[in-house]
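Please brief me on the fold shown here.

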Amino acid sequence: MRTHQFAVTNRRGNWDVIETVGHKQAKAEIKRLMEELELRVIERTGQLTAVNEELTREVLERQRAEEGLRKSEAYLAEAQRLSHTGSWASIPATGEIRYFSEECYRVTGFDPHDGQPRYETFLQRVHPEDRAKLSEAVEKAGRENAEFELDYRIIHPGGEIRDIHVVGHPGLSPSGDFVEFVGTVIDITKRKRAEESLRRSEGYLADAQRLSHTGSWAWAPATGEITYCSEECYRVLGFDPRGGHPRFETFFQRIHWDDQPRIAKTLERATRERAEFEVDDRIILPGGEIRDVHVVGHPVLSPSGDLVEFVGTLMDVTARKRAEEEHERLRQAQADLAHVNRVTTMGELTASLAHEVNQPIAAAITNANACLRWLARDQPDLEEARAAAMRIVKDGTRAAEIVSRIRQIFKKGAPEHELVDLNDVILEMIVFLHGEAMQHHISFRTELAADLPKVMGDRVQLQQVAMNLIVKCIDAMKDVDEKREVVLKSQRAESQHIMVSVSDTGMGLPPQREDQIFNAFFTTKPHGTGMGLRICRSIVESHGGRLWAADNYPRGASFCFTIPSKAEAHE
């Protein structure tokens with residue numbers, strides 16, 4: 001042990017402590033050690049601070065990673081929920097399902113609170129018709145260490161059937177041995193329903209196109225490529241669908257050579273103007289058969305307004321064209337027959353017509369003689385002569401009107417529809433048939449509505465209907481001993497129609513044969529043609545109306561017909 005020495009001196013009553021050399025050295029050593037300790041503490045503190053900061057950073061990074069993982073898991077779960085896609089991992093050989101995502105539970109119908117199901121339990125949920133198919137695919141993939149992918153159906157506990165698309169990928173060990181399958185299941189129920197609905201719609205469309213003989217197509221003018229052709233389009237054009245879409249040039253060669261220039265001009269204009277087109281043409285099939293087709297095309301434009309393609313329809317109108325031609329021939333035949341009927345009826349009325357024309361001619365001769373007598377006097381009576389001359393003009397005009405009406409009824413030509421006043425038609429026929437009625441002591445009575453609207457029709461044809469019906473009534477009363485009267489009425493009917501009736505006091509309709517009188521060639525007259533009423537009904541029906549007959553009480557018959565008024569006819 002080291003000993004330190006101190007000297008104490010008393011100066012002026014004060015004591016001083018004097019430090020020795022040894023003490024000074026010890027104090028310096030202590031100071032050095034303190035400073036060294038302080039440096040070590042500072043250094044260690046720095047190290048600890050750095051370690052602490054590193055630990056803090058690691059914790060923060062781990063927290064951020066965990067937060068990112070939670071977000072990723074949430075995004076994944078949300079993505080799986082939105083896409084109806086679940087993920088899984090299983091070892092079928094051991095019956096173990098090692099992992100089921102939340103969406104996988106929902107898609108397959110299992111409750112996650114019950115834990116992951118066994119593979120056998122899951123397989124029992126698969127539709128019986130699909131179970132063997134799924135098992136075989138999984139076993140084969142396990143043997144070959146290969147992926148598998150297929151669709152199957154699964155039955156939920158409530159009985160709901162869901163369509164599933166599964167993809168499995170084999171997980172292998174470092175040595176290449178099979179470990180497990182990992183994969184996805186996708187609920188494709190909605191897609192399957194949509195595909196089924198689409199198939200039905202396509203089936204309905206194909207049936208509709210087949211029934212209506214209408215095909216659909218798409219054509220790109222820039223390349224000359226027909227990009228789409230429906231099954232019915234192939235049939236109408238006579239191409240084999242197994243040969244693929246024909247080139248436009250090939251199709252164009254099937255157009256009738258007389259129609260090709262017109263069709264080419266139409267397509268060129270539509271392409272240049274990027275406009276719709278509609279055209280009729282004829283197609284020559286490989287066997288030589290000619291079909292009439294009606295084509296409609298609609299342009300499809302890009303966002304910049306450039307023409308991309310034309311889409312449209314092609315309709316086989318051959319049957320309609322033939323029907324229209326046949327209808328035109330039938331209409332012409334009917335018009336010819338109606339003309340023959342008019343001529344025949346006029347022939348039957350020859351005597352009456354001669355008497356009707358003879359009256360104004362005889363009156364004109366009488367007035368001419370009177371005029372000559374007034375002028376031959378020593379003092380000519382000019383006033384009387386002028387009056388006689390005026391009567392001659394009147395008689396001549398009356399004769400001309402009768403001849404004009406006869407010529408009009410004899411006229412042959414296509415129907416000319418115009419606004420017709422049915423009251424005028426009735427009155428004209430009364431004047432025309434007045435002589436025939438007077439010969440048989442038959443009177444006319446009219447009850448015509450004053451505010452009757454006009455109808456749209458052919459005046460000559462409507463005159464023929466009125467004339468035939470009046471003649472029928474006159475014929476029915478020729479052998480009747482009692483009152484002979486033809487009553488003609490006009491009035492408004494339902495649905496904006498005009499109704500005209502012609503009634504007589506004759507023998508009535510043929511007993512038990514009332515429904516046959518409008519048949520062709522049915523007649524009760526010895527020399528009748530049996531076509532008058534048949535033609536009348538055809539004319540009325542061609543004007544949108546109806547003709548019928550009924551017995552009167554106590555005797556006679558009525559013929560009634562309706563014609564749409566102007567407003568109804570326009571609709």
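**Briefing: core, sheets and selected residues**

Leaving out residues up to four places away in sequence, Phe-561 touches Val-465, Leu-469, Ile-498, Met-499, Val-500, Val-540, Arg-546, Leu-547 and Trp-548. Contact here means heavy atoms within 4.5 Å. The model is predicted: local features need pLDDT of at least 70, side-chain atom pairs count only at pLDDT 80 or more, and totals for chains, interfaces and linings use all residues. Residues are numbered from 1 along each chain as its sequence is written, and side-chain values use heavy atoms, with hydrogens and water left out.

**Whole chain**

- The chain has 16 helices and 19 strands. Helices (H or I, at least four residues) and strands (E, at least two) are DSSP runs, numbered from the N terminus.
- Of its 571 residues, 37% count as buried. Buried means under 20% relative accessible area, exposed over 50%, and partly exposed in between (1.4 Å probe, protein chains only).
- Take the contacts between residues at least 6 apart in sequence: 55% of them join residues at least 24 apart.
- The accessible surface comes to about 34900 Å², and 55% of that belongs to carbon and sulfur atoms. Areas come from the Shrake-Rupley method with a 1.4 Å probe; for residues, only the protein chains shown count as cover.

**Nonpolar cores**

- The largest nonpolar core holds 41 residues, of which Leu-469 and Phe-561 touch the most other members. Such a core is a set of buried Ala, Val, Leu, Ile, Met, Phe, Trp, Tyr and Cys residues joined through side-chain atoms within 4.5 Å.
- Two or more residues of this core come from each of H12, helix H14 (459-477), E16, E17, H15 and E19.
- H14 gives the largest share, 10 residues.
- A second, separate core has 24 residues, including Ile-226, Val-236, Leu-237 and Phe-310.

**Mixed sheet**

- Five strands make an open sheet in the order E14-E16-E17-E19-E18, with mixed pairing. Two strands pair if DSSP finds at least two bridges between them.
- Strand E14 (443-448) and strand E18 (546-551) are the edge strands, each pairing on one side only.
- Neighbouring strands of this sheet are turned by 15° against each other on average, direction ignored. Axes are lines fitted to C-alpha atoms, for helices over the stretch in contact, and angles run from 0 to 180 degrees between N-to-C directions.
- Six bridges pair E18 with strand E19 (residues 557-564) in the antiparallel sense. Arg-546 stands opposite Thr-562 in E19.
- Helix H15 (residues 532-542) packs on the sheet and touches E18 and E19. The direction of H15 makes about 135° with that of E18.
- Helix H12 (residues 422-432) lies across E14, strand E16 (485-492) and strand E17 (497-503). H12 runs at about 175° to E14.

**Antiparallel sheet**

- Another five strands form an open sheet in the order E9-E8-E12-E11-E10, and the pairing is antiparallel.
- Strand E9 (225-229) and strand E10 (277-284) each have a single partner strand, so one side of each is left without a neighbour in the sheet.
- E10 and strand E11 (residues 290-301) run antiparallel and are joined by eight bridges. Arg-282 has Asp-292 in E11 as its bridge partner.
- Helix H8 (residues 260-273) lies across strand E8 (214-220), E10 and strand E12 (307-316), at about 145° to E10.

**Cysteines**

- The structure holds zero disulfides. A disulfide is a pair of cysteine sulfur atoms within 2.5 Å.
- The closest cysteine sulfur to that of Cys-233 is in Cys-229, 3.5 Å away, too far for a bond. Cys-233 is buried, with a relative accessible area of 1%.
- Cys-473 is in no disulfide; the nearest cysteine sulfur, that of Cys-560, is 10.0 Å away. Cys-473 is buried, at 0% relative accessible area.

**Two loop residues**

- His-127 sits in the loop between helix H3 (119-125) and helix H4 (128-144). His-127 is buried, at 12% relative accessible area.
- Neighbours within four places in sequence aside, His-127 contacts Arg-153, Ile-154, Ile-155 and Ile-161.
- Lys-483 lies in the loop between H14 and E16. Lys-483 is exposed, at 53% relative accessible area.
- Not counting residues up to four places away in sequence, Lys-483 touches Thr-505 and Arg-555. Lys-483 and Thr-505 are 22 residues apart in sequence and 7.1 Å apart in space, C-alpha to C-alpha.
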